[in-house]
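Q: I'm new to this one. Can you walk me through it?

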Amino acid sequence: MTTQTATPYREVSPEGKLIINPHLGQKRAWRSQARFVAMMAGTQGGKTCFGVDWLHREIKAKGAGDYLAVTATFPLLELKMLPEFREVFENLLHLGTYNESKKVFLFHDGKTRVIFGSATNPESIESATALAAWLDEAGQKQFHRDTWEAVQRRLSIAQGRVLFTTTLYGAGWFKNEIYDRWKAGDKDYDVIQFDSTENPAFPQAEFDRARLTLPAWK
């Protein structure tokens with residue numbers, strides 16, 4: 001029996017060009033033209049890896065300036081967002097270097113920065129005038145409304161776009177401020193939802209097992 005291998009999400013061509021192979025849920029988020037795009041999906045659905053490439057596209061489109069990458073807590077930053085980001089921006093594309101003490105990725109042009117912040121410390125992003133932002137795990141309880149408001153202040157001059165990537169954690173400001181606005185027809189908002197199994201690498205058997213033990217909304 002021949003075992004089919006899923007196409008890798010991210011590849012580098014022989015010419016050194018970065019190629020992404022998004023699944024259907026990721027494609028929907030990629031094509032969205034809304035200012036505020038929320039990718040709400042199951043665990044291991046391919047949210048964090050997608051966030052890196054979405055931010056890279058925004059930087060290429062908007063040019064030199066400041067950009068924000070904010071996650072729920074600094075431990076989560078070190079665990080998920082930052083390693084994925086550095087793999088692409090630093091190791092694959094060689095765009096610049098990361099300063100650990102300042103939590104800033106500085107491009108080689110000296111004019112472009114990605115500022116990393118924690119939702120438990122919104123003051124960490126208050127000095128920036130940003131062009132776009134990626135907010136990871138924005139549905140977690142630790143990701144406070146104050147941080148979302150701080151992000152909007154930083155983006156106000158450029159009217160910058162935002163990508164939210166999060167698993168479903170329950171009701172809160174994220175539902176009221178993002179999901180409900182989209183549901184009411186506000187064109188500034190777009191919500192893309194999909195199961196973990198949209199990711200071709202996610203085992204169907206694991207999804208079926210979780211379905212037997214978790215509430216339907218999870």
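A: Here is a quick tour, from the whole chain down to single rings.

Q: What should I know before I start?

A: This is a predicted model: local features need pLDDT of at least 70, side-chain atom pairs count only at pLDDT 80 or more, and totals for chains, interfaces and linings use all residues. Residues are numbered from 1 along each chain as its sequence is written, and side-chain values use heavy atoms, with hydrogens and water left out.

Q: How many helices and strands does the chain have?

A: There are 6 helices and 10 strands. Helices (H or I, at least four residues) and strands (E, at least two) are DSSP runs, numbered from the N terminus.

Q: And how much of the chain is buried?

A: Buried residues make up 48% of the 218 residues. Buried means under 20% relative accessible area, exposed over 50%, partly exposed in between (1.4 Å probe, protein chains only).

Q: Let's switch to rings. How many aromatic pairs are there?

A: The search of the whole structure gives 16 aromatic pairs. Rings of Phe, Tyr and Trp (its six-membered ring) pair if their centres lie within 6.5 Å; planes under 30 degrees apart count as stacked, over 60 as edge-to-face and the rest as tilted.

Q: Which ring pairs with W30?

A: F50 does, edge-to-face, at 5.9 Å centre to centre with 75 degrees between the planes. W30 lies in helix α1 (residues 24–31) and F50 in helix α2 (residues 47–62), so the pair ties together parts that are 20 residues apart in sequence.

Q: Are those two buried or exposed?

A: W30 is partly exposed, at 25% relative accessible area. F50 is buried, at 0%.

Q: What lies over the face of W30?

A: R57 does, at 4.0 Å from the ring centre. K103 lies over the face of F74, at 5.3 Å from that ring centre. The rule: NZ of Lys or CZ of Arg is within 6 Å of the ring centre and within 35 degrees of the ring normal.

Q: Which residues form an aromatic cluster?

A: One cluster holds F36, F143, W148, F164, W173, F174 and Y189.

Q: New topic. Where does helix α3 bend?

A: Helix α3 (residues 74–92) bends by about 40 degrees at M81, and the proline P83 follows within four residues. The bend is the angle between axes fitted to the seven residues ending there and the seven starting there.

Q: Which α3 residues are buried?

A: Among them are L76, L77, M81, L82 and F85.

Q: What comes just after α3?

A: H94, which takes a positive phi of about 55 degrees.
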